[in-house]
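Hello,

Please look it over; my notes follow below.

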Amino acid sequence: MDNAAIVGVAQTKYERRKKDQIFADLVFDVTRAALDDAGLGIDDIDSVVTVSNDFFDGRTISGMAVGDACGGQDKNISTVSGDGTFGAFYGLMRVLSGYKATIVVAHCKGSEGSLPLATNGMFDPIFQRHLGIDAISSAAIQANVYLTRYGIREEDIAQVSVKNHGNARRNPFAQLPMEITVADVMKSRKIAEPLKLLDCCPISDGAAAIIIAGEEVVARCKTKPAWIKGVAHCSEDYLLGDRDLANPVALRDAARRAYKMAGIRNPLAEIDVAEVLEPFSYMEPLWLEGLDICEPGKGFRMIDEGVTVMGGKLPVNPSGGALSANPVLVAGLARLIEASLQVRGDAGARQIKGAGTALAHGFNGPCGQSHCVWIVGGNR
Amino acid sequence: MPTENAQGELLKVTFTHPMPYDWSIGLYGSRFFQEIKENRRFIGIRCHGCGLVYVPPRRVCGPCFTELTELVPLSDTGVITAFSVVNYPFIDPNTGAQRPIPYTYGYIRLDGADNIFSHIINETDLNRIRVGMKVRAVFRETEKMEGNIQDIRHFQIIG
């Protein structure tokens, strides 16, 4: 595929609590910044996708509240929940079906509701919610399955937190740039076995936007386009007990279809940089296995072997990833924005030199029920 | 004590009242809780396509996309396949009560079932709980049962 591109991107700085801005303020800021980045005006946009979640926002049809702020007046607006990568997927479908340019805006204020209750709300109210399961405790169960299956040590996954918080020091949008050690992670407060505080993402507020355009609009943009080379998503069973939590089959399916579309045969050799959604440290190696970047059970070795660090063969999460800022509804879109900036050469201090092909990954649902994989390239 | 609003330039509005729901448990879900009350054991459902037994019972097998009808009585025992000792507080959205911490969330393969059931295990000492241990359900006294998931108090390690 080579007839649609990401032509404008914007992010707010991610912070624990943005008390001076309501959702719509955040969306207004990133909408204007993405238009500026592309060199487009709001009249160039003929389709709008918003990304929000009613439980997080505490209002029904939450996307309606940001319509004005993203220039949606008199336009076709739809809302897609999730992490932003699925909203972007729908935005791309709009462009491929004939719209000239779609803006995709995502917002999240994790500070305003109760994240345990909002994420407990993902689960079945009859059999599961009373037990207290939420995003963190379900992740802890997945970590327990994964670590037990392959004999992975807690220190091994702690390295992901060290790497990504360290990378965040070069990302001006990150919430938690930190210089920490494996020992710091290991001695941080126990949250839910085997996860410690520093294995877990922070609570974040923020917003982001991208503009996806067809060829006609791409030619008028001032910014170098990030061409969409391949994209696919896939979903597996809803109930955690119906899945093998250490084998991300939906991710593997999505990745293989995205690679095929992009003409990638050897992802480790052909992809220059990857941004994967890892709100918990163990997720990065597990998702790398699902992405066929390494064999099952080998993901935790990638840092020791120098593959996924800055300067490695395939740096993963130069931005610091979701461990360094996790505005849930925005966190996947941020991965796609970071991948786009990399292939444009606009990633600033976190730029991977000469990055021509980048992967962005997002997921939705507990323990990665649905995954979405994007491949973007700097050249057509 | 002054409120945060009294102190700051940037104000906030707080809602604390819950938003209630009245969920139907459905035919097979109701059967699951009735089986616990009547026979103090679990009940699953078998797929004629792939042969897998699911618990709790539901109408559809995801991989086969076929309707399930064959209810299969199970016992009250199973095996721990994963667990997490949880150290942060959780407010039960049903009762508003806070579960005492730490507590252990367990991922249990019930004997005779192919998928995994989740519940609380009453062991928080990491030296005394391992994947692979056998557990047995501890149910409420029958006269106190309410037809919900709390009719299972927890699972207890039996070896």
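**Strands of chain B**

β7(B) and β8(B) pair in the antiparallel sense over five bridges. Strands here are DSSP E runs of at least two residues, helices are H or I runs of at least four, and both are numbered from the N terminus. Two strands pair if DSSP finds at least two bridges between them.

This is a predicted model: local features need pLDDT of at least 70, side-chain atom pairs count only at pLDDT 80 or more, and totals for chains, interfaces and linings use all residues. Residues are numbered from 1 along each chain as its sequence is written, while chains are lettered from A and ligands numbered from 1 in the order in which they are written.

Back to the strands. B:Thr104 has B:Ile121 of β8(B) as its bridge partner. Six residues lie between the strands of the β7(B)–β8(B) hairpin, and B:Gly112 there takes a positive phi near 95 degrees. β6(B) also runs antiparallel to β7(B), joined by eight bridges. B:Val79 stands opposite B:Arg109 of β7(B). Seven of the eight residues of β7(B) are buried (20 or more other C-beta atoms within 10 Å of the residue's own; exposed means 12 or fewer, partly exposed in between; C-beta atoms are placed from the backbone).

**Where chain B meets chain A**

On chain B, 31 residues are in contact with 28 residues of chain A. Contact means C-beta atoms, placed from the backbone, within 7 Å. β6 (77–86), β7 (103–110) and β8 (117–121) of chain B each supply at least two residues of that side. β6(B) gives the largest share, five residues. By class, the chain B side has 20 nonpolar, nine polar and two charged residues. Ala, Val, Leu, Ile, Met, Phe, Trp, Tyr, Cys and Pro count as nonpolar, Asp, Glu, Lys and Arg as charged, and the others, Gly among them, as polar.

Which residue sits in the loop between β6 and β7 of chain B? B:Pro93 does. B:Pro93 is partly exposed because 18 other C-beta atoms lie within 10 Å. Beyond its neighbours within four places in sequence, B:Pro93 is in contact with A:Leu117, A:Asn120 and A:Arg129.

**A helix pair in chain A**

Helices α3 (residues 85–96) and α12 (residues 328–344) of chain A pack at about 65 degrees, axes 7 Å apart. Axes are lines fitted to C-alpha atoms, for helices over the stretch in contact; angles run from 0 to 180 degrees between N-to-C directions. A:Thr85, A:Gly87 and A:Ala88 of α3(A) meet A:Gly332, A:Leu333, A:Arg335 and A:Leu336 of α12(A).

Best wishes

Terms used
Contact = placed C-beta atoms within 7 Å.
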